[in-house]
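Subject: Structure handover

Hello,

Here is the structure I promised to pass on. My notes follow below it.

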Amino acid sequence: MDKLNIDQHISQQYNAVLDDLKTEFLEMGGIVEQQIIDAVKAITKLDTELAEKVLSVESTVDDREMALDDLCVQIIARRQPTASDLRLVMSISKATRDLERMGDEAKKIAQMAILISENGEILDGFGELKNLGRRVQQVVSDTLTAFARYDVNTALQIAEEDKAIDEEYDIAMRVLITYMMENPRNISRAMNITWALRALERIGDHAENIAEHIIYLVKGLDVRHKTISEMEEEVRPEK
């Protein structure tokens, strides 16, 4: 596991502010993670009550995002952080946006759960949805753990896992396209599943973004738009 040498300052208050920033971020992450878990369960079990719970959490996630943004601005304005301190603040500022967008995608899944339930639809594609949902939930959990531990190795694994999520998404979409082609009357019903699958795939993308922020935070390297092999070469040049 990598270590991040956050500077220890004479001002204990400054140390506490940085600790609070990280804690607030991880607490928001926990809320979003549960939102995703509940959304997947809601759509695979057609649980409208749980779906409504997911929708109700949206305002909490938005409030958390704004509070974290404000805290980041205050730290930059009042403390003028440098080096690893600045990277921590900037990484959390960017990763917070990804968390909020994960919450938006969970909301879309919950909305599809309600729509499917109201229409009384029994659809092909639920199996693929469950499988992708489990995979995405795990990568979100791993992402938050990696951020908490400043774990670059896990961050690289998350980037690799996102490619596997993309592949599984493509397979699921092909299954649904076949289902729609076999009977055009299935098209409108199957589209609800495709939107949910797309939302899960987007959550995976945001998890990969956070993994890139972790690498920047710990190593000071901007690996956006890099391939997995390029990322590994930069992070582990000795290999």
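How many aromatic pairs does a search of the whole structure find? One. First, the ground rules. This is a predicted model, in which local features need pLDDT of at least 70, side-chain atom pairs count only at pLDDT 80 or more, and totals for chains, interfaces and linings use all residues. Residues are numbered from 1 along each chain as its sequence is written, and side-chain values use heavy atoms, with hydrogens and water left out.

**The aromatic pair**

The partners are Phe 25 and Phe 147, with ring centres 4.6 Å apart and planes at 40°, so the pair is tilted. (Rings of Phe, Tyr and Trp, the last by its six-membered ring, pair if their centres lie within 6.5 Å; planes under 30 degrees apart are stacked, over 60 edge-to-face, the rest tilted.) The pair links distant parts of the chain: Phe 25 belongs to helix α1 (residues 12-45) and Phe 147 to helix α4 (residues 126-149), 122 residues apart. Helices here are DSSP runs of H or I, at least four residues, numbered from the N terminus. Phe 25 is buried at 0% relative accessibility. Phe 147 is buried at 1%. (Buried is under 20% relative accessible area, exposed over 50%, partly exposed in between, with a 1.4 Å probe and protein chains only.)

Tyr 150 sits in the loop between α4 and α5 (152-182). Its phi is positive, about 55°, although it is not a glycine. Tyr 150 is buried, at 12% relative accessibility. The charged end of Lys 22 sits over the Tyr 150 ring, 4.0 Å from its centre. (That requires NZ of Lys or CZ of Arg within 6 Å of the ring centre and within 35 degrees of the ring normal.)

Leu 46 is another non-glycine with a positive phi, about 50°. It lies in the loop between α1 and α2 (48-79). Leu 46 is partly exposed, with a relative accessible area of 25%.

**Helix α6**

Helix α6 (residues 187-219) has 33 residues and should span 48 Å; its end C-alpha atoms are 47 Å apart, which agrees. (Expected span is 1.5 Å times one less than the number of residues.) Just after α6, Gly 220 has a positive phi of about 75°. Lys 94 lies over the face of Tyr 216, 5.8 Å from the ring centre.

Best regards

Definitions and conventions. Helices (H or I, at least four residues) and strands (E, at least two) are DSSP runs, numbered from the N terminus.
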